[in-house]
Amino acid sequence: MTVLKIIAAVFGVFVLLVAAAMFLPLKLEIKLKKTVGDDPSPRVTAAVGFVRFKILPKKQKKIRLSKFSKKNFEKMTKKASAGGTKSTQSGKKSEKSGNNIKDVLPGTIGETVDLILELVDRFTGYLKCSVNSLSIGVSAADAAQTALLYAGVGTAMEAFMEILRQNTVMRVGSPGNIGVYADFVSGEFTADIDISLSILIINVLRSASGIVAVYLRRLIGADKNKNANKNASSAERRKS
């Protein structure tokens with residue numbers, strides 16, 4: 001009995017951990033800070049729950065003089081030549097296997113595009129977007145160019161915000177941090193962008209499972225249509 005209790009307890013803990021993991025958020029943070037006279041410093045961070053991964057900026061690798069020895073140079077040249085032969089072989093394999101890609105598509109190209117759009121629609125329905133800051137300052141050599149840039153960037157930002165508003169669960173920060181302004185003095189653009197996207201793991205699985213079911217149904221329907229067309233063509237040949 002004690003062994004069964006231990007197994008049940010371990011199984012129960014495992015189920016609880018899996019259930020808790022399903023409600024962990026996947027998050028992507030995009031930040032960009034650009035002031036007059038400075039280079040843009042984009043920062044992109046991904047997170048799974050409390051675990052964070054820095055995507056940008058990448059860490060600069062330390063240069064070691066030992067890597068520039070004669071032996072390492074010979075190894076690098078050998079790897080480069082071996083990689084070239086592998087790429088040609090993989091290219092030939094891809095050419096041979098490329099003829100069968102139509103068998104994977106669920107019907108026509110139009111139906112495949114519809115399937116992709118449905119996947120995007122299912123995914124973005126669960127996606128949360130937080131626009132904490134989206135401030136862009138445009139500037140050019142003269143006032144006329146600055147005015148044209150101001151109009152173009154302002155229109156693009158309105159379209160971008162509308163896309164986010166229609167396709168995600170959107171939350172906007174302070175209105176003072178959102179907008180486009182014209183700078184007729186500095187001659188440099190400035191930006192203060194802070195946008196984050198998040199979705200729960202369980203919602204990713206929901207959207208994926210739903211789209212897999214739709215894909216299988218369409219693939220089965222496409223196979224049935226192919227078989228029906230083959231039978232119809234063979235019947236016409238027999239009659240002729």
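K34 lies over the face of F189, at 5.2 Å from the ring centre; a charge is taken to sit over a ring if NZ of Lys or CZ of Arg is within 6 Å of the ring centre and within 35 degrees of the ring normal. The model is predicted, so local features need pLDDT of at least 70 and side-chain atom pairs count only at pLDDT 80 or more, while totals for chains, interfaces and linings use all residues. Residues are numbered from 1 along each chain as its sequence is written, and side-chain values use heavy atoms, with hydrogens and water left out.

K34 belongs to strand 1 (residues 25-34), strands being DSSP runs of E of at least two residues and helices runs of H or I of at least four, numbered from the N terminus. With a relative accessible area of 7%, K34 is buried (under 20%, 1.4 Å probe, protein chains only). Its side chain reaches the backbone oxygen of D38 at 3.1 Å and joins that of E188 in a polar contact of 3.4 Å. Such a contact is a pair of N or O atoms within 3.5 Å; within protein, one must be able to donate a hydrogen and the other to accept it, and residues adjacent in sequence count only if both atoms are side-chain atoms. Beyond its neighbours within four places in sequence, K34 is in contact (heavy atoms within 4.5 Å) with D39, P40, E188, F189, T190 and A191.

Turning to helix 4 (residues 143-167), its buried residues are T146, G154, M157, M161 and L164. These pack against strand 4 (128-138), strand 5 (169-172) and strand 6 (178-182).

How values were computed: Buried means under 20% relative accessible area, exposed over 50%, partly exposed in between (1.4 Å probe, protein chains only).
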